[in-house]
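Morning, everyone. Please have a look at the model on the screen while I talk you through it.

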Amino acid sequence: MNLTITPGKLAGTVTPPPSKSQAHRCLIAAALAGEGSVIHNLAGSQDIRATRRCMEELKTNRNTLPEFNCGESGSTLRFLIPIALALRGGGIFTGQGRLMERPQQPYFDLFEEKSIRYEQRDGVLTVEGRLTPGEYRLPGNVSSQFFTGLLMALPLLEGPSVIIPTTPLESEGYIGMTLDVMHTFGIDIASTRSLPPHYLIPGGCRYRSAEVTVEGDWSQAAFWYAANCLGCAVNVRGVTQHSTQGDRIIESHCLELSQPGDAEIDMSGCPDLAPPVAAAAAVRRGITRLTGAARLRIKESDRLSTIAAALNAMGARVTEYPDSLTVYGQDSLAGGGAVDCCNDHRIAMMAAVAATRCREPVTLLGAECVAKSYPDFWEHYRMLGGVFHEYTGK
């Protein structure tokens, strides 16, 4: 679906979808607990459907390895790999888009140490073996998804384990969210006072059923906060101010960007915020550097490249570096061109809010990709006064 957006300010009240990050964790914990859990405010995004589908597969009763179609969800894939090893002796994992190209080396290094067999060929990852209690070392600068997968799986083993970050942690807020969800479902993980903390995991645990309500998603709300930085008047409801979601820091980032002058924002803790932050930075008085962003290259797209390409196509001035972006703020954007969304939901939403400050219409190619995380995005955009129509040109 290609859409042409007519520039104009957005105004009104919007409730973003439930937190995808929290929902993945709650769904997995509830499935591991068995019957009896109730999860309120659960959305039907493509990623969440992938986790639900895979948890159903985990429960199948057959002698062969379970087969997990993870769609395009990195969380589903990385969370389920160690859980499948703990409960089913492994699994066969597939996906769509760039998912199976995304690196799994932190797991592979552990598998070689633990004598777990793995093979990745032609977009299929097969892992076979059993997790055993013990010591698990991971670099702290890898995706927190590797930590979460192990944190959720290791309590199911017969004995205690420890996860030791070998370098300072990035995205520690997501690990905190994991520990919070596990506590809700009956499993408590202790940690040392050392920096980075070591996670002390008891064995022989059972998840207990629980009733939970998934919070609003700060990652998606971030685009409406960015729109406000660009001069819109969007009131965001349904997000929790004291949330464990690290992406709530978007409020602080937007406050900084609303002031004139040069700014430097470290994206290592919350890399998903780079697209909305970059959009807000494109139209302001000052130069903004987004640093600590190397992991953006292994998302649904190479986001350092696609953020720069999309905003530059709209008339922004963005320079791409190996692990950072520099955005040179302007009074407005020219617009008038076409933006390839690169099958990346966050690129499409970034372009949509940036279009509010363009002087000419902007065409988004592949705008349907928002369904990965925010299926109602275009409906909400129109509800807020956004004007767009389907582009039918050649």
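One thing before we start. This is a predicted model.

Let's begin with the spaces. Rolling a probe the size of a water molecule over the atoms shows where empty space is left. How many cavities of 30 Å³ or more does the count give? The count comes to 5.

Take the largest cavity. About 310 Å³ of space lies inside. Its lining is made of 27 residues. Nearest the centre are Ser-21, Ser-75, Gln-145, Asp-272 and Lys-299. Several helices each give two or more residues to this lining: H1 (20-33), H3 (74-88), H5 (144-153), H7 (218-229) and H11 (345-354). Which element gives the most? That is H1, with 4 residues.

The largest pocket holds about 280 Å³ of space. Here 13 residues form the lining, with Leu-27, Ala-30, Ala-31, Glu-56 and Lys-59 nearest the centre. Helix H1 comes up again: H1 and helix H2 (46-58) are the elements that give two or more residues to this lining. The classes here are 6 nonpolar, 3 polar and 4 charged.

The second largest pocket has about 160 Å³ of space. Among the residues lining this pocket are Cys-229, Leu-257, Pro-260, Arg-284, Arg-285 and Arg-357. In this lining, 5 residues are nonpolar, 3 polar and 4 charged.

Leu-257 takes us to our helix, H8, which covers residues 250-257. Which residues of H8 are buried? They are Ile-250, His-253, Cys-254 and Leu-257. Now look down the axis of H8. The buried residues fall within an arc of 95°, so they line one face of the helix. What covers these buried residues? The cover includes H7, strand S14 (263-266), helix H9 (274-282) and strand S15 (287-291).

Next, salt bridges. Side chains of opposite charge can pair when their charged atoms come close. A search of the whole structure finds 17 salt bridges.

Start with Arg-121 and Glu-119. Their side chains meet at 2.9 Å, N to O. Arg-121 has a relative accessible area of 53%, so Arg-121 is exposed. Glu-119 comes in at 41%, which makes Glu-119 partly exposed.

Then Glu-320 and Arg-297. This salt bridge is 2.9 Å, N to O. The pair links distant parts of the chain, 23 residues apart. Glu-320 sits in strand S16 (residues 317-321), and Arg-297 in the loop between S15 and helix H10 (303-313). Are they buried or partly exposed? Glu-320 is partly exposed, at 34% relative accessibility. Arg-297 is partly exposed too, at 23%.

The cut-off for buried is under 20%. Glu-300 has 10% relative accessibility, so Glu-300 counts as buried. Arg-303 has 0%, so Arg-303 counts as buried.

That pair also belongs to a network of salt bridges. The linked residues are Lys-20, Asp-47, Asp-272, Lys-299, Glu-300, Arg-303, Asp-344, Arg-346 and Lys-372. Two of those names came up earlier.

To finish, find Gln-245. Where does Gln-245 lie? Look in the loop between strand S13 (233-236) and H8. Is Gln-245 buried or exposed? Relative accessibility is 3%, so Gln-245 counts as buried. Set aside its neighbours within four places in sequence, and Gln-245 is in contact with Ser-19, Met-177, Glu-215, Gly-216, Asp-217, Trp-218 and Ser-219.

That's my tour. Thank you.

Notes. Residues numbered from 1 in each chain as written. Predicted model: local features only at pLDDT ≥ 70, side-chain atom pairs only at ≥ 80, totals over all residues. Heavy atoms only, no water. 1 Å grid on protein atoms, 1.4 Å probe; cavity = no way out; pocket = protein on both sides within 12 Å on 5 of 7 lines; lining within 4 Å. Points joined across faces, edges and corners; volume = space filled by probe spheres on them. Buried < 20%, exposed > 50% of the residue type's maximum accessible area, 1.4 Å probe, protein only. Arc of directions from axis to C-beta. Contact = heavy atoms within 4.5 Å. Nonpolar A, V, L, I, M, F, W, Y, C, P; charged D, E, K, R; others polar. Salt bridge = Lys/Arg side-chain N within 4 Å of Asp/Glu carboxyl O.
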